[in-house]
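Here is a short report on one protein model. It starts with the sheet and then turns to a single residue.

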Amino acid sequence: MSLTLDEARAVSARVCAHAARIGAQVTVAIVDDGGHLQVLDRMDGASPLSARVAPVKASSVALFHRDGRELMSFQQAWPAQFAQIDQIAGTPIMAGAGSRLIRRGDAVAGAIAVSGASPDQDDACAEAGLGSLSPSVPA
C-alpha cells in the first residue's frame with residue numbers, strides 16, 4: 001500500500017523544517033510505490049534544478065527498490081548498463097544521495113528524495129522526513 005497524501009505531506013513538512021534548521025534550501029519529492037509523484041516542495045532559495053532532480057531520484061529509488069547510495073554503487077560497478085536503464089525504463093533514472101525507500105513492513109510504500117544541498121545534508125534531511133512516519137510505516 002502506498003503512502004497516503006497526508007503522510008507524504010507530513011514527510012515533506014518535516015524535511016523542510018529540518019533543512020531550515022541547518023540553513024539549507026532544498027526541494028523534496030515524495031513518490032508512491034510506483035514512482036509517481038505525490039508531493040513536490042521547493043523551498044524559497046532552492047536551486048531551480050533541484051525541482052527536476054528530486055523527483056527523478058525519488059522515482060528511481062522506488063522503481064529499483066534500492067536506496068540512492070545502493071544505486072550509486074550499482075552505477076559505479078556497471079556504468080554501461082546503468083547508462084542504458086533509462087531507455088529501457090522509459091523514464092530518467094538517477095542515483096544520488098538524499099533518496100530513500102519508504103517501507104510498510106517488507107513492502108515498498110514509496111520513496112523520498114531531497115536535492116539542493118550537500119550530499120550529507122540531503123541525506124540528513126531525508127532521514128528527518130522518514131522520522132515523521134508512524135511506526136506502521138517503518139523506514
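Four strands form an open sheet in the order 2-1-4-3, with antiparallel pairing. Strand 2 (37-42) and strand 3 are the edges, each with a single partner strand, so one side of each is left without a neighbour in the sheet. From one strand to the next, the twist averages 15°. Strands (E, at least two residues) and helices (H or I, at least four) are DSSP runs numbered from the N terminus; two strands pair if DSSP finds at least two bridges between them.

The model is predicted: local features need pLDDT of at least 70, side-chain atom pairs count only at pLDDT 80 or more, and totals for chains, interfaces and linings use all residues. Residues are numbered from 1 along each chain as its sequence is written, and side-chain values use heavy atoms, leaving out hydrogens and water.

| Strands | Bridges | Facing residues |
|---|---|---|
| strand 1 and strand 2 | five bridges | Val31 and Leu37 |
| strand 3 and strand 4 | six bridges | Ser99 and Ala113 |

Now for Asp32, in strand 1 (residues 27-32). The Asp32 side chain reaches the backbone nitrogen of Gly34 at 2.9 Å. It reaches that of His36 at 2.9 Å too.

Key
Polar contact = N/O pair within 3.5 Å; in protein donor to acceptor, adjacent residues only side chain to side chain. Axes fitted to C-alpha atoms, helices over the stretch in contact; angles between N-to-C directions.
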